[in-house]
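Dear colleague,

Please find the sequence and structure below. A summary of the findings follows, and I would be grateful if you could read the two side by side.

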Amino acid sequence: MIYRDFGKIGLKVSAIGVGCEYVWTADERTVYDLVRTAVDAGVNYFDLFVGTPSTREYYGKALKGVRDKVYLAGHLGCADLDGQYVKTRDEALCRDFLDQFYEKLDTDCIDVLFLHNCDDFADLDNILNGWMYAYAKELKETGRAKFIGLSTHSTDIAVAAVKSGKLDVLMFPVNPLFNLLPQDSADARMKGREVRSMTQAERDAYPTKRELYDLCGEMGVPIVAMKPFAAGNILKSHEDGRLKGLLELTPVQCISYVLSIPQVACSVPGFAGVDELNQSLAWLTATEEERDFSQINDSLVGKFQNQCMYCNHCQPCPRKIDIAEVTKLADMARGGVTDELVRRYSGLSVPASKCIHCGACTKRCPFGIDAEGNIRRAGEVFGF
Ligand code: SF4
Ligand code: SF4
């Protein structure tokens with residue numbers, strides 16, 4: 001394993017970490033094998049941004065005896081309600097969710113405590129000047145948390161948060177797709193306030209990701225790179241391959257791209273199992289040719305719009321529609337509605353036709369995706 005400086009914190013973290021995005025519904029054996037294979041390979045950073053109680057319990061069991069070899073990241077500002085992820089600032093819910101983290105992971109200390117998923121300036125103000133930061137600081141002072149971070153998808157929020165001087169760590173999406181999105185994608189932040197395009201002055205004033213990376217370097221705030229594969233959208237091997245002909249990369253190339261940014265300490269892909277983990281660990285022994293990602297270039301800028309990342313940050317849905325999965329299946333059906341796609345769609349507990357078009361998901365999406373429109377499209381494509 002290759003270890004990188006965790007900013008000025010003084011730790012060394014593995015260049016490849018493990019996120020928990022695809023193991024929410026995994027069984028105990030899958031989680032155990034994933035965790036143990038990762039630890040054996042020298043992975044020492046695990047993010048558990050959210051998780052079902054069972055996932056956390058399985059993680060706790062898998063980490064028994066090796067807890068001191070790894071750093072665990074937990075999040076304050078979300079909860080699991082009736083089996084659905086929910087971003088919330090409800091103090092009682094958030095504290096309870098964090099208490100469960102300590103209990104299920106069987107640990108007294110969270111190594112990195114992220115203030116979760118902030119993409120709005122009013123929210124940032126509430127977080128940094130309200131109970132969330134105060135509570136995180138209390139946990140840090142009492143040894144229940146070592147470092148305080150913030151996770152966001154918005155460059156200007158990230159810049160403001162880092163400049164506040166209150167953060168030890170930043171969690172931010174880093175992948176070629178996100179970095180090639182037109183600046184207008186920042187319009188996502190205007191949702192819920194006023195849906196319009198940015199003016200040229202706003203666009204000019206909006207910080208670039210390069211400016212954010214430089215700031216993190218100056219302030220000694222390491223970046224934990226989430227979504228290094230853009231939710232699989234850019235993977236050559238991905239079954240739906242929606243970006244075929246435009247952007248098709250291997251996990252090794254994606255990781256090389258992410259780690260080419262010096263301020264990134266660690267990338268945290270989500271893995272559904274050991275096979276996927278091994279495809280990323282292959283980066284360690286890959287040749288320069290295999291790591292080469294030069295096919296990513298400026299000619300691709302602006303080619304990608306309304307591209308769902310299948311992250312489900314737009315949840316909860318009042319009808320309990322699995323928005324990410326429904327959208328993914330509808331996207332896959334662009335190449336034709338196959339029997340396999342119909343089988344998978346039919347297996348969903350709630351079909352798109354149950355949508356009441358409340359628009360809540362579109363307002364919540366941090367990437368400015370028309371989530372409701374995608375659900376509508378899925379209903380039309382599959383017919384129910
Ligand atoms: S619509 Fe947005 S929040 Fe929802 S899954 Fe897609 S990218 Fe994520
Ligand atoms: S618009 Fe439909 S999918 Fe989106 S939150 Fe409302 S009911 Fe759920």
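**Helix α9 and its surroundings**

In helix α9, which spans residues 209-219, the buried residues are Lys 209, Leu 212, Tyr 213, Leu 215 and Cys 216. Buried here means under 20% relative accessible area, exposed means over 50%, and partly exposed lies in between, with a 1.4 Å probe and protein chains only. Viewed down the axis of α9, these buried residues fall within an arc of 160°, so they line one face of the helix. The arc is that of the directions from the helix axis to the C-beta atoms.

Please note that this is a predicted model, in which local features need pLDDT of at least 70 and side-chain atom pairs count only at pLDDT 80 or more, while totals for chains, interfaces and linings use all residues. Residues are numbered from 1 along each chain as its sequence is written, chains are lettered from A and ligands numbered from 1 in the order in which they are written, and side-chain values use heavy atoms, with hydrogens and water left out.

The cover over the buried residues of α9 includes α6 (155-163), β9 (169-173), α7 (176-180) and β10 (223-226); contact means heavy atoms within 4.5 Å. Helices (H or I, at least four residues) and strands (E, at least two) are DSSP runs, numbered from the N terminus. After α9 comes Gly 220, with a positive phi near 70°.

The charged end of Lys 209 sits over the ring of Phe 178, 4.4 Å from its centre. This term requires NZ of Lys or CZ of Arg within 6 Å of the ring centre and within 35 degrees of the ring normal. Likewise, the charged end of Lys 166 sits over the ring of Tyr 133, at 4.8 Å from its centre.

**Aromatic pairs**

The structure holds eight aromatic pairs. Rings of Phe, Tyr and Trp (its six-membered ring) pair if their centres lie within 6.5 Å; planes under 30 degrees apart count as stacked, over 60 as edge-to-face and the rest as tilted. One of the pairs, Phe 46 and Tyr 59, is edge-to-face, with 6.2 Å centre to centre and 80° between the planes. This pair links strand β3 (residues 45-47), which holds Phe 46, to helix α2 (residues 53-62), which holds Tyr 59, 13 residues apart. Phe 46 is buried at 0% relative accessible area, and Tyr 59 is buried at 0%.

Tyr 345 and Phe 384 have ring centres 5.0 Å apart and planes at 75°, so this pair is edge-to-face. Together with Phe 382, they form one aromatic cluster.

Yours sincerely
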